[in-house]
Amino acid sequence: MPMLRIARLLNRHIWTTAKRCKCTTNMSSFPTTTPPAAPLPRLTLDPEVENHLKKTYCNDQVVASIGQEEAERRFGHTIDQLSIPPGYTTLRVNTVSRTRDEIREELQQILQKEYRNKAVPCPPVEPHPVLPDVLVIPTTGPHMELQHHQKEVMVDLSCGAAILRGAHIFAPGVLGATAGVQAGDQVSVYVDVEGKCLRGFIKPYAGPKVFVGNGVARMNRDDIFSVAQEQLSGIGVEMTSPLYDCPPLNDVMSDSIFLQNLPSTLTGHVLNPQPGERVLDMCAAPGGKTTHLATLMRNQGTIAALDKSQGRVDKVIANAKRHGLTCIQAYAFDGRKAASEAAVCSKDETLLGAPPYPPDTFHRVLVDAPCSGLGQRPALGNKMTLKALKAYPSYQRKLLPAAVQVLRTGGTLVYSTCTLTLAENEGQVEWLLNTFPCLELVPQTPYLGGPGLPGTSLTQAQLQMVQRFEPWGGDRAGDAHPADRDTIGFFIAKFVKKAR
């Protein structure tokens, strides 16, 4: 879960293909052709952060395996892909009360109506061939043929990233608009890449900006900027022709579908909670994985969902209510303090209560750890410092002892991140195995990712047990679904607690 926001961009273009390349298990098959320039700039990282990440991808073990040139090419393509949205929108469906086929059919009908007035055809809604509760919708783009309108709207980096994943622009997200913009006007939308556009800007913005598509203004300019930003609501610009076309689904069938990156949904299946069990989600907000676990449990059992912020816990509660899930107990509590020898827990499996919890309480524990978020896509900028990046592993290690302590013997612990660094991923697996002899790294099912990255003391067999998703596709089987390859950067490790 990323904790730092994106902030600035490099002013040069990246080289990429509009057609997604196919990756195979043969490392030498990595694409080497020079494709045409793409419309989105290459992600800019702090130079120290980029060098640190390069050392991850070009460490001695990697170079010994595939060579320096190949390692550097992989790293470069990883950075290139981070500014581009994934090739598929993935949706997790709520199967507690309806089947995936029923939800798929209804969603397809909604999209057909939505796309009647669009220049691009309605995308198909397809079932994922392995994950039984996932639907995938292909992304199209970049649509280089789009014309730029005279009237412009400016948004910030986070809003721009949301547009590239299919969102409309809510009124509070409008930074600036040229004079005379009225409801119903055709407008071109640009991202302020340096964060220097002041709210209410009225002239065409002359600073560095990136075009992300065209839309129709749904509010007058004066109505947007005549009141305080916190008083605004509603859609300011409806994106009718985005640079990358993904269906806008934020308010569509909200009780039946949940927008979730494929590796995040996979994490729940790897944990594999069963009806009637006690499950702990140590870093639960905003509740995507928590509600998935409850769905997999058929809403039977108890899930303790923790997060330090009450505001974020409220989002977990809201998502659980929206999906009709009653087995989730959410608490504003620091997961690092979740274990206590003095705590008492009811013997009734359906009664749990507030944290902390005594040892051996839970059948399964999920630690979807706060991380540097460097695997998120699209990332149009990042101002994270090396000092901030290096702080994450130590914080993550403060969560893990409590997770191990409250886990029952024979229970399952899953650790996951949405980042790319060795220290936050394979390095943490190495540390857990060295620190807690009771933990055993075990194979995962389903297995849709690629093996772990060399660079630690983990053996080749152990690297095959973890799942690493690379933005450039990684080492996957040739028959893998394209949505498994073209997704965010992510990492999953699974452990079983043995008897002492």
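R42 and D80 are both buried, a term that stands for under 20% relative accessible area, with exposed meaning over 50% and partly exposed lying in between (1.4 Å probe, protein chains only). The model is a predicted one, in which local features need pLDDT of at least 70 and side-chain atom pairs count only at pLDDT 80 or more, while totals for chains, interfaces and linings use all residues. Residues are numbered from 1 along each chain as its sequence is written, and side-chain values use heavy atoms, with hydrogens and water left out.

The side chains of R42 and D80 also meet in a salt bridge, with N to O at 3.0 Å; the term covers a side-chain nitrogen of Lys or Arg within 4 Å of a carboxyl oxygen of Asp or Glu. Because R42 lies in strand β2 (residues 37–43) and D80 in helix α3 (residues 68–82), this pair ties together parts that are 38 residues apart in sequence. Helices (H or I, at least four residues) and strands (E, at least two) are DSSP runs, numbered from the N terminus. R42 and D80 belong, together with E50, to a network of salt bridges, and by the rule given above the count of salt bridges comes to 18.

Another of these contacts joins the side chains of D245 and K118, at 3.6 Å from N to O. This pair links distant parts of the chain, 127 residues apart, since D245 sits in the loop between β11 (235–242) and β12 (257–259) and K118 in the loop between α4 (100–114) and β4 (126–127). D245 and K118 are both buried.

In a further salt bridge, the closest N and O atoms of D368 and K289 are 3.0 Å apart. D368 lies in strand β16 (residues 362–368) and K289 in helix α8 (residues 288–296), so the pair ties together parts that are 79 residues apart in sequence. D368 counts as buried because its relative accessibility is 3%, and K289 counts as buried at 13% relative accessibility.

Turning from side chains to strands, β9 (residues 186–192) is mostly covered, with six of its seven residues buried. Strands count as paired if DSSP finds at least two bridges between them. Strand β6 (residues 152–155) runs parallel to β9 and is joined to β9 by four bridges, and V155 has V191 of β9 as its bridge partner. With strand β10 (residues 209–217), β9 pairs in the antiparallel sense over seven bridges, where the partner of V191 in β10 is V210.
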